[in-house]
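Student: I'd like a close look at one part of this protein, with some of its surroundings for context. Could you walk me through it?

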Amino acid sequence: MDSKQLLNRVTQQLQQASSALKTPTGEAVKEATIEQKEAINQIFELFRFNYHNQFLKAFPDHDTMVMAKRLWARLLCDYSGAVIMRAAERAVKESSWLPNVHEVLARCDVADTLGLPSAHAAYMEACRAPSPKKDFAWSHPAVYFAGRATDWFFLANTPEQQAFPVFQRNYEILLQRLQNGENLELDIAPALPETVAVSLPRDEQRQRLQSLKKLL
């Protein structure tokens with residue numbers, strides 16, 4: 001691929017991305033945060049270092065690079081800076097060509113970045129967990145809450161091709177909440193007392209009282 005073809009490819013991607021930044025009503029999508037924009041800056045430096053010649057051909061001037069960064073930041077604004085950076089690093093490891101925004105987007109894995117099981121691994125864990133569900137040693141509370149939101153009976157009695165998409169959606173919602181800094185914790189069951197007081201039947205209480213009176 002020569003420099004002219006590469007430049008045409010990048011220009012086409014930028015135009016496609018630009019049209020994707022508008023909703024059907026023509027309203028702009030939400031803007032990226034400072035953390036996300038900083039991640040985009042770091043990604044472009046990573047690409048410059050690893051794909052020097054390709055990078056300079058793709059972004060021959062400052063204006064082109066600024067426009068590309070803005071588009072990347074908007075298209076990736078659903079993910080935290082850490083997730084975006086991890087996805088870019090994966091793209092570098094797996095590609096000898098300068099990755100585009102869609103290739104980075106495809107590698108944005110919130111679960112992996114947060115150290116949680118993948119959606120399918122979480123689904124299998126939820127399906128195999130014995131009852132009572134709350135007492136099971138979950139790999140993460142998000143798996144339990146995704147299973148509960150999906151409904152345990154539904155998971156146990158519905159084929160995977162129908163149940164997994166429902167579970168996956170619930171799990172991804174919880175991952176987004178975790179990514180936004182929300183805490184998910186299972187309620188801790190109260191500890192059992194060392195001794196349990198049990199009231200005696202009335203007849204036995206009377207007998208013991210009579211015995212105590214005789215002793216006195």
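Tutor: Happy to! This is a predicted model, and its exposed surface comes to about 14200 Å², with carbon and sulfur atoms supplying 53% of it. The protein has 216 residues, of which 35% count as buried. Its secondary structure consists of 12 helices and zero strands. Among contacts with a separation of 6 or more, 71% are between residues 24 or more positions apart.

Leaving aside neighbours within four places in sequence, phenylalanine 167 is in contact with Ala119, Ala122, Tyr123, Ala126, Val143, Ala146, Gly147, Thr150 and Leu155. Take Val143 from that list: 24 residues separate it from phenylalanine 167 along the chain, and their C-alpha atoms are 9.4 Å apart.

Tyr123 also brings us to an aromatic pair. The rings of tyrosine 123 and phenylalanine 164 have centres 5.4 Å apart, and because their planes meet at 75 degrees, over the 60 needed, the pair is edge-to-face. This pair links distant parts of the chain, as tyrosine 123 belongs to helix H8 (residues 119-128) and phenylalanine 164 to helix H11, 41 residues apart. Both of these residues are buried.

Besides Ser80, the contacts of glutamine 179 beyond four places in sequence are Asp78, Tyr79, Val83, Val110 and Leu114.

For the wider setting, look at the largest nonpolar core. It has 48 residues, and Phe47, Trp72 and Tyr171 touch the most other members. Phe47 and Trp72 also belong to a cluster linked by ring pairs, together with Phe44, Tyr51, Phe55 and Phe59. Across the whole structure there are 14 aromatic pairs. In one of them, the rings of phenylalanine 55 and phenylalanine 59 have centres 5.0 Å apart and planes at 55 degrees, so this pair is tilted. Phenylalanine 55 is buried at 1% relative accessible area, and phenylalanine 59 counts as buried at 11%.

How values were computed
Residues are numbered from 1 along each chain as its sequence is written. This is a predicted model: local features need pLDDT of at least 70, side-chain atom pairs count only at pLDDT 80 or more; totals for chains, interfaces and linings use all residues. Side-chain values use heavy atoms; hydrogens and water are left out. Contact means heavy atoms within 4.5 Å. A nonpolar core is a set of buried Ala, Val, Leu, Ile, Met, Phe, Trp, Tyr and Cys residues joined through side-chain atoms within 4.5 Å. Buried means under 20% relative accessible area, exposed over 50%, partly exposed in between (1.4 Å probe, protein chains only). Helices (H or I, at least four residues) and strands (E, at least two) are DSSP runs, numbered from the N terminus. Accessible areas come from the Shrake-Rupley method with a 1.4 Å probe; for residues, only the protein chains shown count as cover. Rings of Phe, Tyr and Trp (its six-membered ring) pair if their centres lie within 6.5 Å; planes under 30 degrees apart count as stacked, over 60 as edge-to-face and the rest as tilted.
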